[in-house]
Amino acid sequence: MPFDRSSSFKLMLAIAAALSAAQAHAANDERLWNCNLNAAGEWDCEVNEELMNQPEASVERSADSARDARAETTTTPAPAPVPEQVAEDRDTRAPVAVTPAPMATPAPGTSRPAVRPVRQPTRTATATAATSRNTRTASSQWDCQAVDGSWQCAGPDQRTTAVADSRGGTSGDAVETFAGAGYDLWECAAIDGQWRCRQNSNLNQPMIAGSTSSRPVSQSFDYLDWYTYGPGDAAYGGVCPGEYREPDLGLMEANSAAEQQTIFLEALRSTTVLGGVTQLEGGINMRQGGRLLSSDRAEYYPEQRQAYLAGNVSYREQGMLLLADSAEADLNQANASFNDAEFVLHQQHLRGESARLSRFGDERFVMDRGRITFCEPGNDDWAIRAAELEIHTDEGYGEARHMRFEVADVPVFYLPYFYFPIDDRRRSGFLYPSLGYSDTDGADIATPYYFNIAPNIDDTFTPRYVSKRGLVLENELRYLNSWSMNQLSTAYMPDDDLFGDSRWALGFTHTGNPQPRWYTRIDYRSISDDDYLDDLDTTNLEITNEDDLDQLGEVRYQADTWQFTGRVHQYQTIDGGTEPYERIPQLLFSGRESALGGDAQLRYLAEYAYFDRNNEDLTERRRTVGGRLHLRPSASYRWERPWAWFEPRLTWWHSQYDLSDQPDSWGSSPNLSVPIFSVDSGIRLERDYGDSLTQTLEPRIKLISVDSEDQSQLPLFDSPESQLALSYYNLFHETGYSGNDRVAGTSQATLALSSAFYNGAGIEQARAGIAQAYYFEDRDKDTGLRPGDEDGTEQRSNLALLASWNITPALRFTHDSELDEEDFEMVQQNYRLMYQPDDTRLLYLSYRDNSGFDTILDTNEVRQTDFAFRWPLSPAWGAIGRVQQDLLHKENLETLLGVEYSTCCWKVRLTGRQWVDDTDAIVNNENFERDTGIFLEFVLRGLGNVGQSGGREFLEDITGKDEDAHENF
């Protein structure tokens, strides 16, 4: 209800009689007071002297007290021109919440009545609270406004013309035409400071019976606070023709508790029956705190503290507008009921209508025979209609009983009970189902149910039926406390008809900060069999399809200049290959100290790890397990100027092992100690290029010297096949390997030349570079190979190229490749071109090839293309697609094509996809296993998704952006 039950009706309708109502008694309907606003903006009250002189009526009854009583109102009117009245012209006062006296229409047959000059108003004057607000009823009074120093008035037929200068003089020969329902048409003009009016007998518009409760037909829907976009608006031409814009009425200006409780009243007329009803008429506004209730007429019963309102009833509070033909309010219970009502929740983009709507003090409202929709006004593409609708605005959800879901006013399905959200707050209930179909699995239907257990705990249980396999039970539990976030994902299938056994999946993630500087992390994933994710995948569970599933737990302490990490890391390998080594445990200490103003750096790293794995089916060195202690301190000094830099670095590399199950020829405690010395230097040259660009030329040379040591009897724990591939930046790498088991002995100089273009804002527009390493001694596999080495006898590495070009702010091209240093033929190459002017437009093309165009296929060789797009075909239609092709095997890896249709309140997506189901077949050159599916998805504004996306997740992999934003409107 608009008013708190604890507050009193302080104004008693702005007249002194209300203060004496509790003391005066009357058995009849005689009126003690009868008050009106006069042309000067003062209350003019008539007192029933005979009734006042009765013994039981001992009240103060001066006209001054009546004026004093209105001190708590916000009414200081500025009147419109009033025929048949004469008022003295006086200085204009700054009015507050202007509500002037209405214009009195001359009686039929009266010719040109005289009027007095009218003082200039300072803001809009409204004779009837309804007509100037896109009101929904006809009225027998006038609506006048001051525009550019002149009055503009309109009768209930809403016809408006300019009339007189507000200073009382004439405005040329301008004539004002007045017409009202039930009145003849009048023409008035201001002549010599006097109003002159005459009746136009040619026109007459009688009042239509029953029109007082009829709604106007408005194509703009501004009476619902709907703003329609124009050509100057950024969103003009989109799928939404406009937006809700809540007017700033200053309702939230009351900040103190007293201001929140005080009721402010505005009205043009009030009449009080002694000991009985108080009647209000004309431009009624009742405001309490941030709530405003308006109507044309009202009755208030003080003993029962009940009010009845009729005619253009409207109620406002922050984020909500409610319109009705009539209303009843119970101030004791803080409840109100509205008849023939419409409402809007601005932020939720929700509107509705009801034969009877009840608003309660706990911020919920109940609708009888109600209807709601998240569509814009004038669009009823879909709606929820119910015998009873209950909206809980304070908790963010709604309930419908005997609900019918309608599409274009046609009922589609019925539910005896339906729960739905109206914002992002969490509530228990069914989420929208997902639907899909594929050749292998058949129909795939999932119906999740959400449990809002506590503010920091929730759970989603998803029964999932796959027609050709059986029932899958999936569950996701999330727990949040002051120092950690936790998520447990499980799935269980009692019997897979195609697999022939039960299957399960488990995932647990945790990130925490239990104490200052202390951090914890767990990432554990496991499945029942290697093919689970290929066959079933998951609907909402955080279990990704990777060859090696992580099973990791760690704790880390972060100081200002150093950090310590303790970790346990295992894997579940599901691709049929050899399991990676497990670290059980790994203890890592690293840090950095600065001196000489930060130019000198001392870095240090110390690690102990024990490496283990199942070695029953392994042979030779792959069976080796054991512990390793690794130390790597380094010292460097960097001299840098805007035009050059010079940085020498000295590093000591030491690894000590304690091995088991090693080959017989190995010792159990081998070690490796190697000094590494490097000098990195470069020059930056600049010149102006054209009118707006700056070009740089950046030659660079890095000398690397590493002692060659025999490493043939050392294990490869974290460096199996980890020799770095040749690339522009890898040629500058000091060890040539990614782990701590190998360091490539070398004496070399890496030379590079790059050039970049910068715009006036310092943003890099393009860059191209080439690098090559020159070796002063041979290398071999026993002493370690450098990036790109084949046998270590090469005197020069192949050439590494890179290029990037921001062709436009939306179009970017990148390239890296390797050229044979003898014949300059391409060894490997990668190209990527992406055009993305905004979030709705994307063109992506990539090509990668490391085959060297050999005719003999190798398992490590790749030659693939990837083309993807997302593009709007019109403001409403959009398309999405992807084609991945394996050119070496002449096989299609994936084809996806989808269309999307969007409106302001719903979207529909249809996607067809064919893809390789077994990714291991690509690596092993086996026969490709494909699957085909068709996916349909609906997105309803304010409600959510129904259906499956059908592989659209690749867009997030390409753009790196969260695609959830495309579920919004």
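This is a predicted model: local features need pLDDT of at least 70, side-chain atom pairs count only at pLDDT 80 or more; totals for chains, interfaces and linings use all residues.
1. Let's start with Phe338. Setting aside neighbours within four places in sequence, Phe338 touches Leu293, Val313, Tyr315, Leu322, Ala324, Ser326, Ala327, Ala355, Arg356, Leu357 and Arg359, where contact means heavy atoms within 4.5 Å.

2. Residues are numbered from 1 along each chain as its sequence is written, and side-chain values use heavy atoms, with hydrogens and water left out.

3. Buried means under 20% relative accessible area, exposed over 50%, and partly exposed in between (1.4 Å probe, protein chains only). As background, nonpolar side chains tend to be buried together in soluble globular proteins.

4. Now the charged pairs. The count comes to 48 salt bridges, each a side-chain nitrogen of Lys or Arg within 4 Å of a carboxyl oxygen of Asp or Glu. One of them pairs Arg316 with Asp225 at 2.7 Å, N to O. Arg316 lies in strand 15 (residues 306-317) and Asp225 in the loop between strand 8 (194-205) and strand 9 (226-228), so this pair ties together parts that are 91 residues apart in sequence. Both Arg316 and Asp225 are buried. Strands (E, at least two residues) and helices (H or I, at least four) are DSSP runs, numbered from the N terminus.

5. Another salt bridge links Arg464 and Asp444, with the closest N and O atoms 2.8 Å apart. Because Arg464 sits in strand 27 (residues 457-466) and Asp444 in strand 25 (residues 442-446), the pair ties together parts that are 20 residues apart in sequence. Arg464 is buried at 4% relative accessibility, and Asp444 is buried at 8%.

6. How exposed are the partners in the salt bridge of Arg517 and Asp560? Arg517 is partly exposed at 33% relative accessibility, whereas Asp560 is exposed at 67%. Their closest N and O atoms are 2.9 Å apart. Elsewhere, a network of salt bridges links Arg638, Glu640, Glu647, Arg649, Arg684, Lys702 and Glu734.

7. Strand 50 (residues 877-886) and strand 51 (residues 891-902) run antiparallel and are joined by 10 bridges; strands pair if DSSP finds at least two bridges between them. Gly881 stands opposite Leu897 in strand 51. The hairpin of strand 50 and strand 51 has 4 residues between the strands, and there Lys890 takes a positive phi near 55 degrees. Strand 51 also runs antiparallel to strand 52 (residues 906-916), with 9 bridges, and a hairpin joins strand 51 to strand 52 through 3 residues.

8. Finally, some backbone details. Ile584 and Pro585 are joined by a cis peptide bond, with omega about 5 degrees; Pro585 is in strand 34 (residues 582-595). Leu596, in the loop between strand 34 and strand 35 (600-612), has a positive phi of about 55 degrees although it is not a glycine.
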